[in-house]
Amino acid sequence: MIRDTAVATSRELLDVLEARGVKNFFVSPGSRNTPLLIGLEARSNLRKFIINDERTAAFAALGYSLASKQPVALVCTSGTALYNYAPAIAEAFYQHIPIIVITADRPSQWIDQDDSQTLKQYGALQKIVKRSFDIHADAGSATKCASNLFASEMEWYANRVANEAVTEAQSAPSGPVHVNMQFADSLSTTVEKDAEPPRIVETIRGENILSKTTLCMLAERLATKRVLVVAGYMQPDSKLNRALTRFAALPNVAIMCETISNLHLEPECHMIDSLLTHINDEELKELHPDVVITIGGALISRLLKEFLRHSDITQHWAIAETPISADCMQRLSLHIDANPARFFSGLAGVLSHHESTPAFGYRDYVRGLREKAMKSADEYIRASTWSELKALDIFFRKLPLRYNLFISNGTCIRYAQLLTTKMPHACYCNRGVSGIDGGNATALGAALAYKGTTLLLTGDMSFSYCPEILQLVNQDADLRIVVVNNSGGGIFRFIKTTRDLDIREQYFCSDPKLPLRQIANAYGWVYLRACNEQELEISLDKLFETPRSILEIRADAQLSAETLIKYLKNDRLENRKGI
């Protein structure tokens, strides 16, 4: 029986390196790197060169990689051992030699605490490596991973880092990378070696265009699979829109587009959360895809992310605009470096002539679920009393399609995810880091760049950050504004984390008591107000007719939160295995 290190992060790192073709390791003795040394010995296919002096080991690794044209790895203990690698790694950096530097380290909480062999190791080589990674000590009580591929999030992270490190080292121009690994006691504990292969993230580089051979290979993988395309935030792209329209016509393909994906496909494609919350558990299970293909930026929908993390997907493909580190479903298997429009267009062409018939009418099944969910959602909204949900349902139904829409973070973007049945000309939100500050000014800049009308949909807390943008709107910018005034951060009355806290209103919602009428009057804007359905219908018509106008929507804040919770069946979903 082969004994392996009990440190899961070390096992993941070594398994991935071995599977990705890193077979030669130049190691130096030490104590803190014991888990790595035990793990290396347990892997007989790896070749180990034991060299006591780290400086010599690093230059030997450089020479081996230089002559063999293969990536190699260096392994050392904690402390000053790492700094002995610097001369050789500097040479490797400028010669573009792929060396993976693996340094053992003590847990970060002991740095600068006068503990033996502790110093600041992470980032020590950052000027002479392509990228630095830091894997924290897995203390055995790490957060359980949502994906069933890994026992803990730290194992998933170590697997992800290992895949990225190899890819980065070998990507043009190739060069060294640094993986710093923190280890806590006990270092020498062993377990029986697991024969299960590690998760490998494959990379296909097509320089924007994939070859016919590659497209045929990818088509074979998808031909009989249920394929779900998930689109995060993107700029409008007519070529991608046409390509996805063609790809979505395939019988085994369904698409879920977030509101700010700027894709103009079937209207219901955008109402992701409404779909996930208005179908039963059996339908949810049947909705699980085999393969997920992601494009665009980070997803807004927590429900979609949780659904995919707990689903039975076997593959996650990320296309170009999603970097290889974006593994939010914890199932990433393939990173394709190609132009998304050309990728989907080429793949649709090959699959449309494929002889195999998909075993599952996935597109029609999802379409049927959408119709059922939309009917249920519509009945709920129409039967509900006046609330933010009711008000914004009316807003999105009446929004002119020629407008550019800018949405603030917080509650507004989540309502947009639920209620956008038709896409305006373009739709934007600051979702790079999802802050609520700066939304007003960003909307102003967008309005200055667009010849038509830009409408800002925002909450009172978001709008309170820079209401003075009203004075900057001139004849060069046609900006209209809708403010959902819910007496502070309405999202905190909805999300489970804060909704039941006694200090919620004081510390989280924090009503800015925004005097919108006075602000509008001070800057010469037309002020409109709606506190019921009839007023909203009339005010929206005036807003759409009147430049430099601002509409305040008021509804009971607590009732609005309760209405939204019931709409999403929130309490039931939080205990639902598939969500």
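A nonpolar core is taken here as a set of buried Ala, Val, Leu, Ile, Met, Phe, Trp, Tyr and Cys residues joined through side-chain atoms within 4.5 Å. The model is predicted. Its largest nonpolar core has 42 residues. Phe-395, Leu-405, Leu-455, Leu-457, Leu-536 and Leu-551 have the most contacts inside this core. Beyond its neighbours within four places in sequence, Leu-551 is in contact with Ile-481, Val-482, Val-483, Leu-528, Arg-529, Ala-530, Leu-536, Ser-539, Leu-540 and Leu-543. Another core, of 37 residues, lies apart from the largest one. Its members include Ile-204, Ile-295, Ile-336 and Ala-341. In soluble globular proteins, nonpolar side chains tend to be buried together.

Phe-395 belongs to helix α13, where it is buried. Helix α13 spans residues 388–398 and is largely enclosed by the rest of the structure, because 9 of its 11 residues are buried. Among them are the charged residues Glu-388, Lys-390 and Asp-393.

Helix α20 covers residues 557–567. Its buried residues are Ala-557, Ser-560, Ala-561, Thr-563, Leu-564, Ile-565 and Tyr-567. At the start of α20, a side-chain oxygen of Asp-556 comes to within 3.3 Å of the backbone nitrogen of Gln-558. Lys-569 follows the helix and has a positive phi, near 50°.

Asn-252 sits in the loop between α7 (238–248) and β11 (253–257). Its relative accessible area is 5%, under the 20% cut-off, so Asn-252 counts as buried. Polar atoms of its side chain lie 2.9 Å from the backbone oxygen of Leu-222 and 2.8 Å from the backbone oxygen of Lys-225.

Notes. Residues numbered from 1 in each chain as written. Predicted model: local features only at pLDDT ≥ 70, side-chain atom pairs only at ≥ 80, totals over all residues. Heavy atoms only, no water. Buried < 20%, exposed > 50% of the residue type's maximum accessible area, 1.4 Å probe, protein only. Contact = heavy atoms within 4.5 Å. Helix = DSSP H or I, 4+ residues; strand = E, 2+ residues; numbered from the N terminus. Polar contact = N/O pair within 3.5 Å; in protein donor to acceptor, adjacent residues only side chain to side chain.
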